[in-house]
Amino acid sequence: MNMDTPSLLSIQDLEVRFRTEDGEVTPVRGVTLSVSPGETVALVGESGSGKSVTSLATMGLLPRPAGRVSGGKILFRQRSGQTVDLATLPLPDLRRLRGAEIAMVFQEPMTSLNPVLTVGEQIAESVRLHMGLGHASALKRAAEMLDLVEIPNARRRVHEYPHQMSGGMRQRVMIALAMSCNPSLLIADEPTTALDVTIQAQILVLIQRLQREIGMGVLFITHNLGVVAEIADRVTVMYAGQVVETGSVGELFRTPRHPYTSALLNCLPARARRGEDGRRVVQSIPGSIGKVGNGCAFAPRCGQATDSCQAGSVLLETEMDRSVRCLRWREILA
Amino acid sequence: MWLKLGRRLGSLVIVMFLVATMVFFLTRLAPGDPAALMLGDQATAEDIARLRQVYGLDKPILVQFILWLKEIATGNLGQSIFLQRPVIQAIAERAEPTFFLALFSVSVAALVGIPAGIASAVWRGRLVDQIVSGLAMLAANIPSFWLGLIFIQLFAVRLGWFPVAGYGEPGAPFMERVLHLALPATVLGIVNSALIVRFTRASMLDVLSEDYVRTARSKGLSEVRVVLRHAFGNALVPIITVVGLTAALLVGGAIVTETVFGLPGIGNLVVSAVLRRDYPVIQGALIVVAGIYVLINLLIDIIYTFVDPRVRY
């Protein structure tokens with residue numbers, strides 16, 4: 001972490017609990033990460049690792065009443081300079097930030113837009129609310145936003161409904177919607193996963209371009225390491241609800257310290273080809289969240305695990321701007 | 001859109017023909033002879049035969065059917081055997097109470113059912129939901145005649161706020177009509193609100209878990225706006241369907257309620273026509289009611305295109 005620029009978003013030891021029929025589970029337990037202005041941080045992990053829950057908790061959009069933040073802080077620096085804890089902020093104050101200073105792009109462009117409202121109305125609604133514009137100027141702003149995200153014929157398409165657009169176009173609309181009030185933080189939850197590969201690349205380029213123009217921080221959630229290499233400055237890797245490793249993209253890709261990170265990197269086709277025994281897949285199924293015992297959550301799947309790994313809780317070890325949650329990372333690297 | 005409408009109107013003609021066929025033959029399946037009923041016990045066989053000839057009841061049934069089809073195709077529903085006037089006139093005289101009763105009942109049902117259903121969905125599993133769902137269950141199972149009698153006893157007899165029964169003197173001002181309709185419309189409204197509550201609740205629950213509702217929340221909108229504009233706007237199609245079908249059913253005449261409240265409506269007309277085997281009236285009334293039913297369905301389809309842009313294209 002660059003100490004000169006104070007963080008825009010600083011999540012500290014976040015814990016989220018869900019009530020289910022089988023009792024309480026803890027999909028997120030001890031997530032620590034930060035995003036600085038203008039920086040892109042990738043949050044990586046497999047399905048069920050708690051990435052999306054972390055992002056929803058940040059937006060205050062955990063499904064209620066089942067889910068709640070049960071520990072830790074989500075500090076956000078407002079435009080006014082004041083820092084607030086999003087985990088405990090009263091809902092009316094949180095609403096003033098949502099869409100205005102913190103915006104979110106969701107994974108599913110096909111279902112994330114309201115089918116009975118025109119895309120223009122959906123963007124204008126946010127603009128009217130947060131920027132205090134009138135109906136006509138809000139719609140004009142919506143058209144400008146569509147133009148900004150490179151939708152052709154923006155002034156005409158502002159009156160179209162989502163079903164008249166392709167998935168890629170809809171995701172552009174979602175991005176236009178998120179950007180419409182110049183947020184200082186964008187949370188993108190797998191924004192390209194549902195799209196064709198060529199469209200994926202276009203959307204990534206678009207997000208990067210807009211980020212440079214507005215200077216916002218981006219928390220980019222993905223399970224695709226190829227995407228991470230493309231756009232991120234720093235990476236936080238999650239496993240079973242915990243952060244297992246954090247570092248800059250270059251260092252983390254070059255010298256992964258956590259066995260899980262290495263395993264993930266070995267799944268990349270380019271690396272697998274270089275390896276001696278072909279592609280090494282992360283073995284077996286992910287540990288069931290919420291039922292993890294004391295020791296390292298990855299130990300049951302880890303090729304390097306010893307008895308000591310399962311003995312007691314493993315802390316996140318921070319050294320310079322890298323963190324790792326592994327007892328044996330030094331031995332393994334050596 | 002116009003093509004679709006044309007196709008719908010075409011199928012409407014076919015539906016009406018099938019309805020006419022069924023109405024004609026089902027009516028004739030019931031035993032009993034209108035001529036004999038009309039002339040009473042003292043009538044001779046010749047008298048009855050003569051009267052049957054006057055009304056064409058002596059012809060083979062298929063011939064009667066084709067003659068009747070020809071008539072209704074030109075809009076002529078024939079002459080009532082007992083009322084001594086055209087069927088269309090008999091229906092028109094009875095249409096007003098039924099129409100307003102249906103209108104008011106549906107309004108009550110929708111005004112009660114839709115907000116209750118929304119509240120029930122928003123606070124799912126909470127006290128509001130339990131109370132609303134319990135009351136809806138109760139309303140769905142209350143016989144309307146029983147609730148009608150309780151209402152008459154309470155609000156008309158004991159409190160004297162509303163007339164006990166009837167539709168007022170001929171030519172009475174509209175406000176008096178409204179007073180006469182208040183109790184039956186409330187009864188029918190309550191009974192019919194149950195289904196609307198359930199459909200609204202189910203539809204809202206579906207929609208509230210949609211991704212675009214989460215998107216709306218992520219924009220910082222108030223919960224009221226999220227629920228009413230983003231969720232309810234999408235939940236409307238099934239709600240409109242059930243409200244429309246309720247209206248269509250009520251236009252057919254709420255026979256029991258009209259009887260309890262002594263309202264001279266279509267339901268009453270049909271019941272007395274059936275008891276007297278007044279074939280032209282039974283047939284005419286059923287044709288008209290079925291026609292309105294089909295038209296309301298068409299209207300529902302047209303309304304869809306306004307609430308859901310995906311249907312429009």
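Trainee: Among contacts in chain B between residues at least 6 apart in sequence, what percentage join residues at least 24 apart?

Mentor: This is a predicted model, where local features need pLDDT of at least 70 and side-chain atom pairs count only at pLDDT 80 or more, while totals for chains, interfaces and linings use all residues. Residues are numbered from 1 along each chain as its sequence is written, and chains are lettered from A and ligands numbered from 1 in the order in which they are written. Two residues are in contact if their C-beta atoms, placed from the backbone, lie within 7 Å. Of the chain B contacts you describe, the share joining residues at least 24 apart is 74%.

Trainee: What percentage of the residues in chain B is buried?

Mentor: A residue is buried if 20 or more other C-beta atoms lie within 10 Å of its own, exposed if 12 or fewer, and partly exposed in between, with C-beta atoms placed from the backbone. The C-alpha trace of chain B spans about 85 × 55 × 35 Å along its principal axes. Of the 313 residues in chain B, the buried part is 36%.

Trainee: Helix 1 and helix 13 of chain B pack together; what is the handedness of their crossing?

Mentor: Helix 1 (residues 2–29) and helix 13 (residues 279–307) of chain B have axes 10 Å apart at an angle of about 155° (axes are lines fitted to C-alpha atoms, for helices over the stretch in contact, and angles run from 0 to 180 degrees between N-to-C directions). That makes the two helices of chain B roughly antiparallel; the label applies over 145 degrees, with under 35 roughly parallel, 65 to 115 roughly perpendicular and the rest oblique. A crossing is left-handed if the near helix is turned anticlockwise from the far one by less than a right angle, and right-handed if clockwise. Here the crossing is right-handed.

Trainee: Which element gives the largest share of the side of chain B that touches chain A?

Mentor: In this interface, 19 residues of chain B are in contact with 22 residues of chain A. Helix 10 (223–251) and helix 14 (309–312) of chain B are among the elements that give two or more residues. The largest share, 7 residues, comes from helix 9 of chain B.

Trainee: Which residue of strand 8 of chain A stands opposite Ala188(A)?

Mentor: Two strands pair if DSSP finds at least two bridges between them. Strand 7 runs parallel to strand 6 (residues 102–105) of chain A, joined by 4 bridges, and pairs in the parallel sense with strand 8 (residues 217–222) of chain A over 5 bridges. Ala188(A) is the bridge partner of Val105(A). In strand 8 of chain A, the residue opposite Ala188(A) is Phe220(A).
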